[in-house]
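This report goes through one structure by topic. Please have the sequence and the coordinates open while reading.

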Amino acid sequence: MHAPSRMKMAGGVPPGAKPGECYARVQTPAVYSTESKNVLKRSASQDIDIVPARYAEVDKVVLVKEASTRLEAVPATYEWVEERVMVRPATTRTEEVPATFETVTEQVIDTPAQMVWKVGTSTPIQKVDPATGEILCLVEIPATYKTITKQVLKSPATVRTIDVPAEYQMVKRQVVKTPATTRTVEIPAEYKSVKVTELVEEAREVRKPIPAEYQTVSNQVLVRPAGIEWREILCANNTDQATVQSIQRALKAAGFDPVHTDGVITRDMFDALNRYQVANGLPVDRDRYINIKTVEALGI
């Protein structure tokens, strides 16, 4: 058995090395661990199924033609009547009324009465004629009359208005008894029986909840970054054919067959060794050496 391996960070020489120990300066890869967590893959939702509407065929009386109205002309009616109608309206006319005369008899002066001077007549008024010396008397000579017949105006000529009465005659004529009109005629609606498809149940939605769906997502988390370290290994100073043979047998017993158990290091042995290291989380050797940690894990 060997002392436990000591892995230190790279330096000039392995720290704490003892006589007979061998070390390899190796580059160690970063070490990751896998973290798994559930993440939402699909949100919760609903599955909507449409249940179609249901219909049934039924007999139904349907309107073919709506009720309406129409206007119908009602002609006028006539009758014969007899009536007195004016042929000529009342008027007036004027006519001249001649003057009227009458015959009258009257005494008219033929010669008017006068005063004259006469000789020797004894009158209250006297005078002497200076030429003869005679006495002259003023004598009144009475007027003389004559009878005349003449036409005199009894009434002057005039104009008079005479009313001329209207003239009428009996006539027979046709008159409207009742005037022309219109009347509204109601036209009833028309129906007929037909087969129709009738909705029995309306289309509807059936909603089924769909739960949220999650998925496991694995992430590599860095446990240890890559670096360089001194790794204790088997070498000519601390191993022999018997040790190698023990390692081969231990690998085979662990289920990692190295093919040969003759104490000779071969490619097959390294394949088995590397698989064992990976399976057990041990440092993996790359065909150049066997680290002490793996040897200890095999119980050698």
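How many residues does the largest nonpolar core have, and which of them have the most contacts inside it?

## Basis of the model

The model is predicted: local features need pLDDT of at least 70 and side-chain atom pairs count only at pLDDT 80 or more, whereas totals for chains, interfaces and linings use all residues. Residues are numbered from 1 along each chain as its sequence is written, and side-chain values use heavy atoms, with hydrogens and water left out.

## Nonpolar cores

The largest nonpolar core has 17 residues, and I247, L251, I290 and L298 have the most contacts inside it. Helix 1 (241-253), helix 2 (267-279) and helix 3 (292-297) each contribute at least two residues to this core. Its largest share, five residues, comes from helix 2. A nonpolar core here is a set of buried Ala, Val, Leu, Ile, Met, Phe, Trp, Tyr and Cys residues joined through side-chain atoms within 4.5 Å. Buried stands for under 20% relative accessible area, exposed for over 50%, and partly exposed for values in between (1.4 Å probe, protein chains only). Helices (H or I, at least four residues) and strands (E, at least two) are DSSP runs numbered from the N terminus.

Leaving out residues up to four places away in sequence, L298 touches I247, A250, L251, L273 and Y276; contact means heavy atoms within 4.5 Å. A second, separate core has six residues, including V26, I233, C235 and Y289. In soluble globular proteins, nonpolar side chains tend to be buried together.

## Around helix 3

T294 is found in helix 3. T294 counts as buried because its relative accessible area is 0%. Apart from residues up to four places away in sequence, T294 touches L273, Y276, Q277, L282 and P283.

I300 is placed in the segment after helix 3. With a relative accessible area of 17%, I300 is also classed as buried. The C-alpha atoms of I300 and T111 are 189 residues apart along the chain and separated by 223 Å.

## The largest pocket

The largest pocket has a volume of about 410 Å³. On a 1 Å grid over the protein atoms alone, a pocket is an open set of points where a 1.4 Å probe fits, with protein on both sides within 12 Å along at least five of seven lines; lining residues have an atom within 4 Å of a point. Grid points are joined across faces, edges and corners, and the volume is the space filled by probe spheres set on the points.

The lining consists of 18 residues, with P29, R224, L282, P283 and V284 nearest the centre of the pocket. Strand 2 (22-28) and strand 20 (227-233) each supply at least two lining residues, and the largest share, three residues, comes from strand 2. By class, the lining divides into nine nonpolar, three polar and six charged residues. For this count, Ala, Val, Leu, Ile, Met, Phe, Trp, Tyr, Cys and Pro are nonpolar, Asp, Glu, Lys and Arg are charged, and the others, Gly among them, are polar.

N238 is in the loop between strand 20 and helix 1. N238 counts as buried because its relative accessibility is 12%.

V259 is in the loop between helix 1 and helix 2. V259 has a positive phi of about 80 degrees although it is not a glycine. Most residues other than glycine have a negative phi.

Q220 lies in strand 19 (residues 213-224). Q220 counts as exposed because its relative accessibility is 54%. Beyond its neighbours within four places in sequence, Q220 is in contact with Y32, S33 and T34. The side chains of Q220 and T34 make a polar contact (2.8 Å). A polar contact is a pair of N or O atoms within 3.5 Å; within protein, one must be able to donate a hydrogen and the other to accept it, and residues adjacent in sequence count only if both atoms are side-chain atoms. The C-alpha atoms of Q220 and E190, 30 residues apart along the chain, are separated by 84 Å.

T178 is in strand 15 (residues 167-178). T178 is partly exposed, with a relative accessible area of 35%. Not counting residues up to four places away in sequence, T178 touches A76 and T77, and the side chains of T178 and T77 make a polar contact (2.3 Å). The C-alpha atoms of T178 and Y78 are 100 residues apart along the chain and separated by 7.0 Å.
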